[in-house]
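Please have the sequence and the model open side by side.

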Amino acid sequence: EIHIKEPIEKEVNPRLLPGELLLCEASTVYKYMQEDGSNRGTYGKLVCTNFKISFLDDDSASDENEPEFKNKIVGENDITLQCVDHIYGVYDEKKKLLTGQLRKYPERLIIYCKDLRVFNFCLRYTKEEEVKRIVSGIVHHSQTPKLLKRLFLFSYASAAPNNRDGRNQTVMFDTLEDWRDELERTKGNVKYKAVTTNESYRVSEKLPLYFVVPICISEESILKYEGRGIPIWCWSCHNGAALLKMSAFPKEQDDSTSQMQKAFLDGIYKTISKPPYELLKMDDLSSSLPSLQDIQTAYTRFKQLFLIDNSTDFWATDVKWFSLLESTNWLEIIRRVLKKAIEVAECLERQHTNVLLIEESATDLCCVISSLVQVMMDSYSRTKSGFQSLIQKEWVIGGHGFLDRCNHLHKSEKEEAPVFLLLLNCIWQLVQQYPPAFEFTETYLTVLSDSLYVPIFSTFFFNSQHQRDSSMSGESLKTQSGPFRFLTVWDWSVQFDPKAQAFLNNPFYAEKPKPDKSQRKTARFKHQRQLSLPLTQAKPSTKRGFFREETDHLIKNILGKRIGKFINSSDEPPNSLREFYDSWHSKPVDYHGLLLPRIDGPEIKVWAQRYLRWIPEAQLHGGGTIATAAKILDLMEEVQSLQVKMDEEHSQAVSGDVHSVTMLRNSARLSSLFPFALLQRQSVKPALPTSTWKDLEDEDDLAKRDDEFVDLTGDMS
């Protein structure tokens with residue numbers, strides 16, 4: 001039975017952005033809360049615009065009790081049209097996927113989002129005409145194929161004031177100077193050159209306007225096959241070895257064409273294998289890594305574990321959590337990608353060998369591996385501006401097909417694959433293993449993943465630089481206030497005020513010490529380094545339970561059960577790679593040098609903040625990693641105040657970042673999923689049938705007997 005609260009009389013209107021138009025709305029819509037199975041919820045108005053679906057209740061009109069971490073563009077009850085994954089209607093308690101024209105309208109509407117939120121609306125008390133309008137409107141605007149120019153991106157850019165310059169030290173790589181500066185920064189300008197051959201896109205529309213190639217490559221060679229078969233420079237190591245990528249020729253060609261292309265490639269390889277260039281190692285990623293289809297399949301299975309719309313389902317799946325998690329294969333794909341990045345790093349760092357990554361278009365897995373290698377080997381890429389510049393260089397300007405891979409236009413699901421999300425998952429593994437090495441936080445990565453679906457930024461809504469440039473050149477897109485310009489996602493002030501932006505910055509970041517500073521300053525830096533998690537042994541003992549040293553019960557629940565193809569298992573790498581891996585892990589970590597991820601089975605974890613943040617049952621009130629961080633901040637503040645008292649002379653050198661995240665001072669309101677969930681979202685464990693609890697207990701006992709590596713004691717507490 002649903003407890004019916006009287007609908008609000010007060011008129012609540014949606015807050016519309018420039019260019020945003022209200023398309024349809026329905027009153028007296030009941031939104032269920034996810035916390036338990038009691039059918040509790042709130043009445044309000046459901047609206048659909050050309051930008052978002054939004055639920056407005058009486059709380060929407062007030063600014064009281066606003067969260068500390070608030071997005072100014074997308075509210076808690078807002079879903080951008082690009083963020084809608086699937087929509088289901090409930091007819092007589094049966095769920096049915098809604099697409100296209102509807103003959104019958106549902107009594108309940110369930111919206112599953114790409115950021116893993118689940119919205120459950122009851123339409124039983126809504127007028128029939130309004131139900132028809134709102135349901136058909138939402139389905140049409142979020143699920144049917146659309147033209148690029150119909151994206152809200154264009155409406156917003158035409159109507160919004162364009163006086164922002166959101167570069168914020170981020171290098172955009174849209175000018176020749178940006179590429180030359182990057183060559184100079186990495187000392188690659190002796191052997192490589194930035195070329196203008198593709199100006200006006202005369203070589204290829206898939207290539208950026210400017211890019212870098214070996215000095216010995218001629219303009220004729222670049223033009224011959226529209227840029228295919230040409231090694232394009234990504235990054236140079238400190239020892240001179242370089243990371244390169246190349247678009248492969250199509251495999252199915254007639255013999256004469258194939259022979260000509262082979263001769264062309266042989267000539268290129270000979271040219272770049274001679275001094276002053278290092279030896280060349282080629283790596284065809286299409287054969288050494290999972291296919292895009294495999295990645296999409298794994299992620300589709302994986303995300304189903306978190307799209308939970310009621311407590312009963314959560315506790316039912318909890319029984320089989322480990323086996324369900326392993327069966328998705330998502331964590332294994334992350335491990336394989338990290339292992340490939342270690343292989344490339346070993347070639348560059350130890351063997352002083354150039355590595356050429358080969359892929360059909362060089363815009364998918366090439367982007368993942370080249371970005372990962374640079375984050376692992378170049379500490380600049382671990383700063384916020386450096387990481388953003390890296391994404392611009394390798395992904396945005398590099399030509400990753402965000403429009404197709406995210407399926408923003410709903411044109412073809414065959415092209416869809418979470419390639420960029422795969423990179424962020426891999427980066428998160430490094431961030432949680434080596435926190436002081438990164439200037440940004442996991443919250444930054446979570447927000448960046450959410451920004452994939454916010455169509456007011458051009459960053460993630462084009463397939464190439466050419467597509468973006470040609471979209472901007474249309475006469476109809478000239479605005480009254482001046483030249484037409486898209487926003488970039490790197491201007492975080494558009495989404496967050498300064499207080500909220502503080503959550504994106506890591507207060508524990510171990511800044512690079514200045515060589516001319518006193519010994520005393522260096523000692524303080526070393527003290528900060530010890531704030532990271534302790535380093536594991538190079539070869540974990542097979543008898544050691546990998547949960548026993550974990551203090552965070554949430555993380556304990558999300559480690560894979562024997563996810564474990566250990567690095568020295570069936571796919572054991574060559575001895576030289578194993579030695580390189582073991583040797584590095586046996587030494588103290590230099591947070592500004594090479595970083596190698598730990599990839600033994602239990603070390604690859606689920607990104608809890610992103611995937612569990614909307615599930616109240618997964619929260620630890622006053623616990624989790626955020627509680628540890630709050631305590632460390634207390635200690636750091638105390639140490640700093642003592643330092644000031646002891647030595648006024650050095651008080652200016654002490655970082656003030658510790659005070660930036662003021663919300664951490666009130667640790668009583670924190671949960672393990674902070675800053676996305678506070679204690680207002682409390683969860684009540686449902687009253688399950690006795691038989692279900694018995695199953696849970698039996699499963700717990702079975703798991704203890706079955707697997708000596710896993711200590712599940714207390715998991716259900």
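Helix 7 (292-304) gives the lining of the largest cavity its largest share, four residues. Helices here are DSSP runs of H or I with at least four residues, strands are runs of E with at least two, and both are numbered from the N terminus. Helix 13 (402-405) and helix 14 (419-433), like helix 7, each supply at least two residues of that lining. The model is predicted, so to speak of local features requires pLDDT of at least 70, side-chain atom pairs count only at pLDDT 80 or more, and totals for chains, interfaces and linings use all residues. Residues are numbered from 1 along each chain as its sequence is written, and side-chain values use heavy atoms, without hydrogens and water.

The lining of the largest cavity has 18 residues, and Tyr299, Arg405, Glu416, Pro418 and Tyr453 lie nearest the centre. A cavity is a set of points on a 1 Å grid over the protein atoms alone where a 1.4 Å probe fits but cannot get out, and a lining residue has an atom within 4 Å of a point. Ten of the lining residues are nonpolar, three polar and five charged; nonpolar covers Ala, Val, Leu, Ile, Met, Phe, Trp, Tyr, Cys and Pro, charged covers Asp, Glu, Lys and Arg, and the others, Gly among them, are polar. The volume of this cavity is about 230 Å³, taken as the space filled by probe spheres set on grid points joined across faces, edges and corners. Over the whole structure, six cavities of 30 Å³ or more are found.

Next, the helix contact. Helix 10 (residues 330-349) and helix 20 (residues 575-585) have axes that come within 10 Å and cross at roughly 90°. The two helices are therefore roughly perpendicular, a term for angles of 65 to 115 degrees. Axes are lines fitted to C-alpha atoms, for helices over the stretch in contact, with angles from 0 to 180 degrees between N-to-C directions. Ile342, Glu343, Ala345, Glu346 and Glu349 of helix 10 meet Ser576, Leu577, Phe580 and Tyr581 of helix 20, where contact means heavy atoms within 4.5 Å. Five of these residues are nonpolar, one is polar and three are charged.

Eight strands form an open sheet in the order 4-3-2-1-8-7-5-6, with antiparallel pairing; two strands pair if DSSP finds at least two bridges between them. Strand 4 (78-80) and strand 6 (94-97) are the edge strands, each pairing on one side only. Strand 3 (residues 52-56) is joined to strand 4 by three bridges, and Ser54 has Asp78 of strand 4 as its bridge partner.

Conventions
Angles under 35 degrees count as roughly parallel, over 145 as roughly antiparallel, 65 to 115 as roughly perpendicular and the rest as oblique. On a 1 Å grid over the protein atoms alone, a cavity is a set of points where a 1.4 Å probe fits but cannot get out, and a pocket is an open set with protein on both sides within 12 Å along at least five of seven lines; lining residues have an atom within 4 Å of a point.
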